[in-house]
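Have your viewer ready and try each task before reading on.

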Amino acid sequence: MRTGATDTGDAERPALPATSWAVLGLLSFGEELSGYDLKKWSDWSLRLFYWSPSFSQIYGELKRLEKVGYVTSRMVAQETGNRDKRVYVITDAGMAAVRHWAREAPVEPPVLKHGVMLRMWLGHLLETDRMREVLGRHREYAETMRQRAEVDVEDACGEEAWAYPALVLKWSERYYASERDLADAMLADLDERDRRRL
């Protein structure tokens, strides 16, 4: 357990993994959400710059957050006649905790685990055409993600509650544009290397 000041006074806070803070952060926008809703929202937003937790991770974190008093849940009847669903809402203690985490948690540098770079690093084991294929696929992926982020920015910009997520989505759009451009630069570097070897 770690101790820290909250907006409601000093209290002990449990040490939570990043996934807990991500789920609690999604709930901090004030809506009552089901696990399915949280997965949909994380796929829409978090996936572009962090990662999208699986359903099992989301439900596991919701249980953990409910146990420590950061969320509450209730069952609601479905209009379609399907079985009832459980929805979750952030508590005052949960809002204070996620606010404290966002303000006070150490800023950790991002960990770069770039599979394409690792494959390029092992280029002496690959044919040049295979390296170009790997880079081409990465470029396509980066451009697809950039386009998706661009659309999501447009969707988020009309909602005042999503003002800051919209800024992060713009960052994501720029990030994927840079990944696309880096792949293009690496392809040009491979071409230059091949010319020098002739």
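**Exercise 1.** Sort the lining of the second largest pocket into nonpolar, polar and charged residues.

*Solution.* Start with the classes: Ala, Val, Leu, Ile, Met, Phe, Trp, Tyr, Cys and Pro are nonpolar, Asp, Glu, Lys and Arg charged, and the others, Gly among them, polar. Next, list the lining, which includes Tyr36, Met75, Asn82 and Arg86. A pocket here is an open set of points on a 1 Å grid over the protein atoms alone, where a 1.4 Å probe fits, with protein on both sides within 12 Å along at least five of seven lines; lining residues have an atom within 4 Å of a point.

The model is predicted: local features need pLDDT of at least 70, side-chain atom pairs count only at pLDDT 80 or more, and totals for chains, interfaces and linings use all residues. Numbering runs from 1 along each chain as its sequence is written, and side-chain values use heavy atoms, leaving out hydrogens and water.

**Exercise 2.** Which residues lie nearest the centre of the largest pocket, and how do its lining residues divide by class?

*Solution.* First, take the 45 lining residues; Leu46, Phe49, Tyr50, Trp101 and Val168 lie nearest the centre. Then sort the lining: 32 are nonpolar, seven polar and six charged. Finally, find the top contributor: H7 gives the most, with eight residues.

**Exercise 3.** Is leucine 122 buried or exposed, or in between?

*Solution.* Locate leucine 122 in the loop between helix H5 (115-121) and helix H6 (128-157). Its relative accessibility is 31%, so leucine 122 counts as partly exposed (buried is under 20%, exposed over 50%, with a 1.4 Å probe and protein chains only).

Key. Helices (H or I, at least four residues) and strands (E, at least two) are DSSP runs, numbered from the N terminus.
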